Each structure stands twice: as C-alpha cells, then as structure tokens.
Amino acid sequence: MTMELDVFVGNTTIMDEEVYQLWLDGYTVNDAVKVRMDGGVLEECEASADVLLSDTMDQYKTFQMCERLLHSPSKLGNQLLFQIPPHRQAMLIERYYTFDDAFVREVLGKKLSKGTKKDLDDIGAKTGVTLKSCRRQFDNFKRVFKVVEELKGPLVENIRLHFLLSDKLARDYAAIVFFANNRFETGKRKLQYLTFQDFAFCAGQLISNWTVGAVDNMVEDMDVDLDKEFLQELKELKVLITDKDLLDQHKSLVCTALRGKTKAFNEMEANFKNLSRGLVNIAAKLTNTKDVRDFFIDLVEKFIEPCRSDRWTAADIRLYLTHYNNSAHILDTFKHQVVWDRYMGVVKSCIFKMYHD
Amino acid sequence: MPGKLKAKIVAGRHLPVMDRASDLTDAFVEVKFGNTTFKTDVCHKSLNPQWNSEWFKFEVDDEDLQDEPLQVTVLDHDTYSANDAIGKVYIDIDPLLCSEAASVISGWFPIYDTIHGIRGEINVLVKVELFNDLNRFRQSSCGVKFFCTTSIPRCYRAAMVHGFVEELVVNEDPEYQWIDRIRTPRASNEARQRLISLMSGELQRKIGLKVLEMGGNAVVGYLQCFDLEGESGLVVRAIGTACTLDKLSSGSAPNTNTHMHPNTAPTSNACNSPSKDGKEPVFGEDLTSSGPPTPFRALPTTSSSPPPFSPSKPCSRQSSSSDTDLSLTPKTVEPVRRRPGIFLCPSSPTLYTDTLSLAGSGSVGCGHTSAPRATTPPPPATAHSDSVLLRKSVSFTEDLLLAASGMGSGGSVGKEAGPLKTLLRQQTQTALEQREFPFFTLASFPPGFLVHVGGVVSARSVKLLDRIHNPDEPETRDAWWEEIRQEIKSHAKALGCHAVVGYSESTSICEEVCILSAAGTAAILNPRYMREGCLDIGIADHRFEEPSPPSCGFCHVPYDELNMPFPAQLTYCYICRRQKVPDVLFTTINLPPEAAVTGKGCLIQARLCRLKKKAQGEVNATAISNLLPFMEYELHTQLMNKLKLRSMNSLFGLHIQISVGENMLLGLASATGVYLTALPAPGGIQIAGKTPGDLSNEHHILTIQKRINDTIAKNKELYQINPPKLFALDPEVFCGINMELTEEVVGSPIPEPRQRSRLFRSHSESSDEVSELDLSHGKKDAFVLEIDDTDAVEDIHSLLTDAPTPTGFYSCNTEIMPGIHNWTSGVQMFTSVRVFRLSNANLTNQGLNKIFTDLCENLLKSFYFKLRSMIPCCLCQLNFTVAVPEEELIQVAVTAVAMTFDKDQTQEKTADKPPTKGGSETEEQLQFSMELCADSSSANCQPTPKIPGFPESTNVSSRAAFVDYGSFADRCSTWLELLRLKAHTIRRGSVKTSRRTQSLAHSVSSLERCSPLPDGRSRSLRSDRSFRGSSVTVVKMTPLSFLPGTRIIKYLGIINMFFIRETTSLREEGGVSGFLHTFIAEVFSMVRAHVAALGGNAVVSYSMKECMLMENPNKNQAQCLINVSGDAVICVRETDPEPTPSTTNIGQTCASATDEPT
C-alpha cells in the first residue's frame, strides 16, 4: 500500500522559505524532514510525519521545476508557469544566488572550469557544505561569469540587472568574477587568514580604480581587465627606490611627519626602505600576468608580514601609509603623482582591509 | 457570411532551442481557422522572434466562429527535412462573439505541446467583426452569454429564469480510431484536443440556440462534462439554466460599459451597424451606460417577450423512449430527505403503493420494479433495495402550510400567508409543470427566489455502453438521461415540490459499465422569476410579500404533514413558530445568505469502499446496481451520524459521488454541516449493546458512549454551537428548573435530551420513562447506535477518528462558510491529486474503508499544514473527486480555495462594528464587506424587526401539533434485525415543540453580519507592483463565484479548456508526481494566460471537471487528460470608485503591469 502519486499545486505557488533553504543547502528530502521535525513545526500545526514528508517532497518538486527559471532570473519575472508574487520572486532569486563564504573562499581566484568542478567534493568535505550546494554555487559563479563576460558597461550593474540581485550580492559576484578572471592567488597558506569579504573589498577597489572601466566606461570587459597602460606606467614609479636621493628624501619626509606620533616609530624608520622597496616593486612588476596573480601574496609578504612582526597596530599602518603616500607629492623631482595616487589609493585601502590585528 | 476573424502574430519569447548546432531556432507560425491557414515569415535564429505579422483575415460563418477554435501552431523551419512543431495554442474566440464580453484577445499565450508541455510563449492579437444576421433559421447563437457560476452573476439581475437547457453531442474518440495505430502520439493527442474543442463549441452553440428559442439571453450554471467511453465513443454533454439577465445599471455596473466601449455607447440602439472596434454589439442597447435599465431580450431573431410561463421544452432531442435493453438494472435513488435509519423501512404496504404510483411511474428501472426483471437478488437485498426505493420516494403531495394554518396557530401572519401562498404556489406550479424538466442548475439564489426546500432527490442508473453507431443521432444517451431526469422530477413531485434546484449530473465509467447519476434539491420557487415583468425582484422591498421570514422560510416543509408517507418529525419552526420544519434538512444548494445559522459549519464527509467481483457485461452491471442501494444507505448513515456528532441539523452542498472500478466501488459524500436556527437541536447519539447481560461489554459500551459524548461536547465548542442559550431557558419556564442546571445541560449533550424528555414528557406521547443509558431501540430520544457485531464497532471507531480541523482552520464544500462573514482578501486556490496503490490483494471492505478514509483525512491534514501561513482561514468549496483509474488504485482529486478572514471580528458579535483592521495576516488585507453577497445584504436585515412580534401563544398550539412516531420506530427495528444491520433509530420523545420564541435574539445576532462593514483597508496591493519589469498580469482563480474584497465589474466569457499531456520519459520528469505537478501548473498557467489576454484579472467558478491519469511506469510512459472551466472576469477592489485597471488592460498588448488589483 503506497502512495503512488501526491501532488499539490496552488494558483499562487506555495513556497516555504525554510524548506527552500534546506533544498538550497542540499539536504535530501528525508534529511530535510528530519530537520523540520526537530524544528518543531509539527507540534505547531498538529500534523503528522507523513504530512511533513509529503509537503517536503512537494516543495522540492516545485523548487526543481523553478530551478530552470532561476538560472536566468529575468525569465522568472515574465514566465507564465508559476504565479509568484514579486517579493517572493526576489527572495527566491536572492537566496538561490547566495553562497557560503567558506565555500567561495576556496574557489576564489580559481579557474571556473570543469577541473575545479571535479574538486568540489573535496571542497565540500573541507567546508562542510554539501556537494549539491557546492555545485549550485559553483554553477552560479560560472553562469554569472559567462554572462557578464560578453557585456559592456559596469560589472556590478550588469550583474545586478541581469540576475536581479541585491546590490550587496551583485558586488560580491563582481568580486568573484574579477578574481576568477585575473586568477588572483588566494589559496596560499599565508593568505588563509583573509576572509572572502576582505578579498571582495579589495576587488571592489581594484575594479573601480585599476581597470579599464575606471577611465572608459563603454569597453567590453572594462571592469574585468586591469588597465594595461596604467600597469605600464607603474614601472615609472621605480624611480622612488632606484634614485637614492629620492628614496632618502622620501624617508626623511615620512619620518619627520611620523616622529612622536607612534610607538612604532623606530621600527618604521628602520624598515622604511625595505617597505618602500616592497611596495614599489610590486607596482613595477604588475605588467606580468604572473605577478598580477601574486598581487595579494606579495602585499602580505612584502608589507603586512614585516609590519606584523614589528607589532604595528592598524592605526600605525594607517598613519604610516598616509604619510608615505602624501610625502611623495612633496618630492619635487617625482613627476608621476597621478599614477602614484592611483596605485597607492588602492594599495592603501587593500592593506587596511587585509591587516588584521 | 456573418463574420470576419482577424489575427495577428506579434512575437514569441523563451522559445526552446530547436537547432542544436546553433542553439537557436528558426521559428514561424501557422494560423489556422477552419480549413484556412496562413503563415508568418520565418524569423531566423532567434529564441525571441518578432514576427509582427500582418492581420490574417478569415471570413467565416458565425456558426463556425462558435464551434471552431483559432489554432496557432509554432514551428521550426528546417530547410532539408520536415518542419518541426514547437507547440500550439488554441484560442477560443467565443468571448469575442458577445458584445458584453471582451472586445479583443491580446496577450502572451504559453505554447503548448502535448509531449513536451509548455515551450515558450507567443503574443497574439485576435479580433472579430460580426455582421448582423437576421436569418431566422440561423444555426448560430452568438451573443448568448455563458456562465459557469451557479448563481446570478454579480453584475447582473435576473429578469427571468427560463429553466433547464441540456444538450449532448457524441463522436468517435480519435484515440480509438484505426488511424491511431499509425500516427504519432502527438498527432493523436492533438486530434483529440481539437475534436473536443470543436464538440464543446458545437454544444455551446446548440444550447445557445435553445436559450434564444426560450427567449433568454444567457445560460447560468453551465456545466459541461466529457464521458470518455473508450471504444464506444466520446460524449460531450452540458446542462444549464436559461435566464434573461439584465446588466445592473446602478452602482458599479455603468462604469464597466462606459469604459469598455466608449464609442458604442452613443450608437447603442444601432443594432445593425457593426461597431467601430470590429465587434457587432448584438445586444447593442445593453451598452448604454446608465440610462434606464433596458430589458435585454431584444434579440433580432426571437420575439422579444416569451409568454410568461414559457413551456420551455427544454432541449431534449426528440429521443425515442428509453432503450430498455441497455438499462439493465435498477436505478437507485437516494432518500429524499434522509432521516435516521428508522425511516428507511416504515414499510407499510399502503405506503408502498402510494410511493410507486407517485414516484415510480417515470422511473423505468427503479429497484422495486426491476428486481424481478433484471436479477433476482436474495431476499434481504430485495428488502433493502425496496427500502431504499422507499426512502427515495418519500412522497408528499400536499402543502403543509395549509395544514398548519388550518390548525389555527392563531398568528395573524400565518392566516394571511396561507392562502396567499397557496395561490402563489399554484401559479408557480402550473408554470413549472408545463416544463418538461423544472430543473435549475443554480445553487445560490436571489433573495426570495427559494420559497421552500424539500430535500435531496437523486437518481442513479447503471448502463452498459455499446458503440455509438451514428454520431448524428445520440438517441441512446439522450434517452438515458431523459429517464433519469424523469425520475428526479417525479421524486420532487413526491416531496410536494415543483422544482429541483442545485441540479447536477455526472457519470462514472469503467470499461463498458457506466453509472449515470443526477441529483438536486426539491424545492418550491417563487413564481415571479418565471413570469414576465417582474424585473425588480431582487430588490428588497418586495420581500415583504413573503409570508415567512427569509431567515427560516426555506426550511419550512413543503409537504403535507398528514399525508406524509414516511414518518418525519416535524416541529414548529424555531424562528417564526408558525410553520413546520423537519428535524434534519439535506440539500445540494448553498446555504441561502439570509438563513439564520447558529455557530459555524463544517465539512462532513462519508466515505465508503465496497469490493465487488470482477465481471463482464450484464453480470457486472447487475452486481453494481445491487451494490448501489447498500452504498447509499451506508453513506447516509455515516452522514447522519457525523452530523449528530457535530451537533448540527442540516447539510448543504451535499454531493454524493459513486465511482466504479473493476473490483470495487467507491462512494464519497461531501457536504457542509450547519446548525440551522430554525430547526430543532439534534439529539445525541446513544450506544446500545445487543447483549445487556455481558458486563465487560457493557463497560465497553459505556466507554464508547463517553467518548461520543465528549466529542459532541467538544464539537459544540469548536463550532460555537451554543444556540440555545435561550432554548435552554425553556425548562425553567416550564418546570422551574434553575439556571445552573441549564448551563450544565448545554455542555453535556447526552443528559440534555434525557432531561428534556423528562421535562417534556407531558407533551410527548412517548410511553417510556427515559432515564437509563441502555436504551433499547424503539424508544425515541436520541439517535441509537447498536453494537451487535464488529462492523458496528468499526463504524463507531471510524466515526470518532475523523480528525478535527486544527485551530484557525475551517472547511466547507459550499461557497462560503456559514458563520464566517468577514473575509479578507487572501485567496489561494489549489488542486491536489493523490493516487493510492492497494498492494494487499485480499482486502476486506473494512480494511478498504479505513484506507480510503485515511486517504481523505490525510489529504485534508496536508492542506491544513500547507496553508498554515494563512491562518485564520477557511477552505471553501472543497470539491473531492474520487476515481478508480485501475485495479488497486484509488485516485482522489481535490480543488478548493483557502480564504483568509478576520478572526477578531468573527468572535465579536455586536452589531456595531468593526474596528479598522487589527491587522495580522497577509499583506493584502482587504476587508470583505457583505456587498459581495450582492443584493441580498440589505434584505437580510429585515426580519429583525419582525421577530419580536411573534406572540408567545404559539407555543400552545404548536404543542398540539405534535405527532408520535413510536410505532414506526418499532417496526423499523424489526426490519433492521432482519437485515442484521446496525440499528439506527431516533427516539422521538424529545420533540422540542415547546421552544419559545426568544430565539429571536439569537437570530438577530446571526443576522448582524448583514450590516455593511465599513472598510478599514489598511494597505494597498500596489506595493507589489514595482518589481523589476515583470509584465505578467496576476490572475486570481477561485472555485467560488466571487473574490472577497473585490467587486466583479465585467464577465468576459467562459473558459472551457481541455488538455492532454503525454510523456515517454516519465522518470526524467520526476515520476508520475513530477509529471502531473508540471501538467497541472501548466494548465493553471494557460487558463491565466487566456484570462489575461481577454483583459481579465480573475477566474471565478473555476473547476477541474476531469483529471484522468493513465500511467505505465514500466514503459516509462504516462498520459493525463484535464478539463477545466470557469468564468473570466474583471474585478476591482471593493472600494475602488472607478474600475481603472481594466481600461488599461483591455486592448493593449499584454504588458499590463502587475499592479492589477486582484
């Protein structure tokens, strides 16, 4: 004696947000039923386990049918199959595209290819995210990547309009796309302490200041590719470390400004040349794709780690970098103020973000 | 040459990829009407093609316009091989043929393929130019409006109700033609879909012709059904009620017209000139915006005024007399008014003959007469079926009212009312008797229409199907139905009624056996509606003519007490104290809005499975017809028990479905139980043991009795049935018992009747002193269940296992829940289907019953669970359909609507109300004001002043009218023992004739709902509208005739769609569940798309008539057929002064935003 068929269809599609989340999280029907039972929904409504199972299956079916539409969210708005109130549609989309920070941290900067997809079970095991959920998230990344790849205009805006996502989520996706496109190295052990949000912030900085789009907003890939001309110009900054006079002048200006303002002054003074060389070298090497990928690891190795070993506080970093940046303007022989600012502006904010006490 | 159909293909979107190489599609469209086909250009390499075609013009007869759908086929162009079909859209252009409905069809339609389902959408524009046709002998009936709604549509007024129309059309089923062996499943499905579409078009046209002949302009309560008879063919049949409807010219109505046809209004009289927007206003004058209410029957072809009592030969073809070879077996008939078992067999010989002469004459195969002929059932069976026959044909010839007033009850009203009423009735009677079938498919009526209700009448007949040899002469089928209708008619007559309302017909087919069923409610109607020139009937002032107050009038028995051929327990009405009412009332109609009700109602279901041997042909048919009476008996017993258990005294919307399978019969009776204030309170249920000596047994019985009593008490509380606060005072009045005692009495159901019986002993003629629990049957206080075998124990258990609805939920199968009045606007219509496989080969009847009951109960439970976010809410119009699709499969399909209501206001029962929105539930909180109940609301308030006027003196005389039925009870019990069935008896001792008229206070409170609620709408729906570029009109669907919180301003035409879906990749589509889930969702979406294209934003009176699923999991295949219908409407929120949305919505291309107030 078995239930051969069990169907419930509402004119307005009924969706339980809790079940939706369980489905997104990759729970099987039976596991979902268990979770719901533990959640006490049964006592609330005087229902039996059968009812719960039937309801869960039904909802899962609905979600599976909707999934196709969620792949191109704009379709959800004008499809006719499901009548879903607009705010529910927004919820469905937003949740479908929401990802686990733990998962995305693992994939960030990796090529969104079949190869990576094969590793998903490992990532799942590592992060505690079910494989099903990993696949959904990975496919979302890939889908967004593929769509915006061919679009003109600002990246975040494109994602937002195309996938009907909230601004916050659209920015996160922009970061993921940006990282995937430039293949930034994020997986090294030294970078493990950084969260996805740290990187997302940095990506935002890079996108709005270093990409082609920062100067011209009508080119393809404008927000995905770094501005090649700018990267070339960065080479000119080398003068700051190759010219001995300039380097000394820069140091004395910075030290004058810093003296007495921080406990770490001595370390700053001692490390000035080292740190400055580090930052300028990073800038000068960015023409190589390989070095672009290592941008974050370089920042950590060349700047953050030395500072951290000297126990600088975040305030110290802030103070130091501000003066380091500003003092360069006073150097009369230094002619590359614009490039310098464009470079330092981003580096500064990235380091602020990446420097955890 | 009376019509030009124009179609334009605008664009497509979301098309499927047809060319794997390019991931694109080269789509073009074929537009076909009749035999003419046009093609668009090919739109290369696009999934969102823009064709923007020219207008394709078809010049056609209006006959074809009515019959044929416009067929739009989307194809993928292929240079080298045949073009691949993507899918089709069938557009029914009927709504365009009526000037009052839509003027243009324009919108996105899902492209549907019977194998792949929905594959993208297409934007189509369709218009019709009708030329006027003055040909008297024309075959078309353009302009006749059709409504599925089983009440007078909200923005119309019934000028005249002409009566019953019916028609049936037969054809060969394409699925069974030889060609089906060589064509693809797709071609076969499409042939079937197209054929059915054609047939229903034809059917509608023919019915329309009959309506015109009768002088009507509309069909209300249009019910169309398909019988897929397999090899023997395909029958499409329809019934309806012909009416002359006037558009209401006051209030909201004018807006509709003015904005819809701004340019036709001035030329309103110019019937002959085609209107500018390409439509011929056949009823041009009706478009006048607010002028005098122009009577609306000025058809060019028919005489404008039919004779007052038009002897409307309703429609049956001149079918030859019934084909007796085929009618193998008895039709069995339901009891007219079901009383507790006792009345099943009062078999006094005189009654028998009486009955037969009255009721049996028309019915060819009723159990009694056919028993010797067709089969020879064993004696007990005969006895039983006889009793059933008797039950059904309980016949009353005369009017009780005469008797009542003759008895000198002394009330001035009564005296006047009697003769007046008789006169009235005589008129009606003659009017109705001239009709072949005085049937009405309506289930709700304008106030004053329904005078008295007799009870349920029904008839069933088992037939053997054979091939329909000549589709043009469907005589056999016609004759079958004719027989059944005759039988119904005679049953109604036997009940002293001249009409049948809430009438419906259905079939159940298994292989070559077919059960035809018809059911309705015998009633006496107000003749004014059948007469010419009483246009303003709906208006309240006229109701003063009513001799009995509307809150109870319809409960008064229409038959003569002295001539009752079966013993009924009549008492004086508890509201007016003037006329007799029965103790229990069963009907198939909705609760009249003006009726006085105590507490809330609830869904009551009786479920039954009966095994039968597999057999063929006649043997099978005989077996089935032998089982039928037993099933009806059981179902009624269950209903009665459950009704008592809930402490209610009437059933509304009773629908009994008996479904036949190869090896079993399923019976499902659903109804909404209500405590009618006018009727006496039901007695409790008493358990009696067969062997009183057995101690353990006795203990057992006591336990059960206690459980029953507890349940009754709980139910009383749950449904807020505590009416009789005032009745309970009675004992005090009579015997000086103090208040505390009566308070107690209310709470404990069983002591109550006992006590009463003691108190009233002097009035009752019962000879028994009733004070012990072990009442033997034959005594007459409460309903006695006797436990003499395990069956009975099972039954009692099943009685008690019905789970109560969870808090916050109510459910009913009528339009609205009696006792709930403040609906808010949250509406969720749903369809649910379950199929259960019985794996155990040797099941008993009991086991099956249990499974079936659990299936239904679990289904309800899962609804409550799923809809828990809508609490407090009520499931309305719960429509269960059962089927036995295959051996060992039970299928239950349910369509219903969940509606939210405002809880705070339900409880608060004061007349001055309602605080503006306590606000808790859905975001769309709109208050449902009673205006939705149309014109009745104002009328409802009237009885209030009347009631106080009733003289108390009536008590005295009413007591005198009491009759004792003890002897019947005794006879009954003997008979029951003979049959070894459980005894169901009623104890007659406690007839509560001496109730006082104080009930008025109560009736006031229950009427108080009529006070129009001021609107405390807090939020607007439009908050939703801003969603990014969504361009889909929200279309609400409901099986009810209205949407709470809204006002229907325009009916756009009938939606009647038939779809077939088939798959050869069942597993890939998620199994049968996935397959059916998708299909139902697709059907919904296609209905919504059609409504939106007509410019509408809602479907009312939606129903799923058929859901036939065939599966073969081994072959990975499944096929499903679904037929749905409803009325497309435009509705606006109740408070919106102007129906603005529709103006924007009509005639534009689909992009009407989501801000449609729904």
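Biologist: How many salt bridges are there over all chains?
Modeller: A search of the whole structure finds 46. A salt bridge here is a side-chain nitrogen of Lys or Arg within 4 Å of a carboxyl oxygen of Asp or Glu.

Biologist: Before we go on, what are the ground rules?
Modeller: This is a predicted model, where local features need pLDDT of at least 70, side-chain atom pairs count only at pLDDT 80 or more, and totals for chains, interfaces and linings use all residues. Residues are numbered from 1 along each chain as its sequence is written, chains are lettered from A and ligands numbered from 1 in the order in which they are written, and side-chain values use heavy atoms, with hydrogens and water left out.

Biologist: Which residue does Glu857(B) form a salt bridge with?
Modeller: Arg607(B), with the closest N and O atoms 3.0 Å apart. Glu857(B) sits in helix 16 of chain B and Arg607(B) in strand 19 of chain B, 250 residues apart. Helices (H or I, at least four residues) and strands (E, at least two) are DSSP runs, numbered from the N terminus.

Biologist: Is Arg607(B) buried or exposed?
Modeller: Buried, with a relative accessible area of 3%. Glu857(B) is buried too, at 9%. Buried means under 20% relative accessible area, exposed over 50%, partly exposed in between (1.4 Å probe, protein chains only).

Biologist: And how many residues of strand 19 of chain B are buried?
Modeller: 14 of the 15, so strand 19 is largely enclosed by the rest of the structure. Twelve bridges join strand 19 of chain B to strand 21 of chain B, and the two run antiparallel. Strands pair if DSSP finds at least two bridges between them.

Biologist: Switching topic. How many residues of chain B are in contact with chain A?
Modeller: 58, and they touch 41 residues of chain A. Contact means heavy atoms within 4.5 Å.

Biologist: How many salt bridges cross that interface?
Modeller: The rule finds five. One of them joins Arg837(B) and Glu4(A), with the closest N and O atoms 2.9 Å apart.

Biologist: Which element of chain B gives the most to the side that touches chain A?
Modeller: Helix 23, with 13 residues.

Biologist: Which strand of chain B is joined to strand 1 of chain A?
Modeller: Strand 25 of chain B, through eight bridges, running antiparallel. Within that pairing, Thr2(A) has Arg837(B) as its bridge partner.
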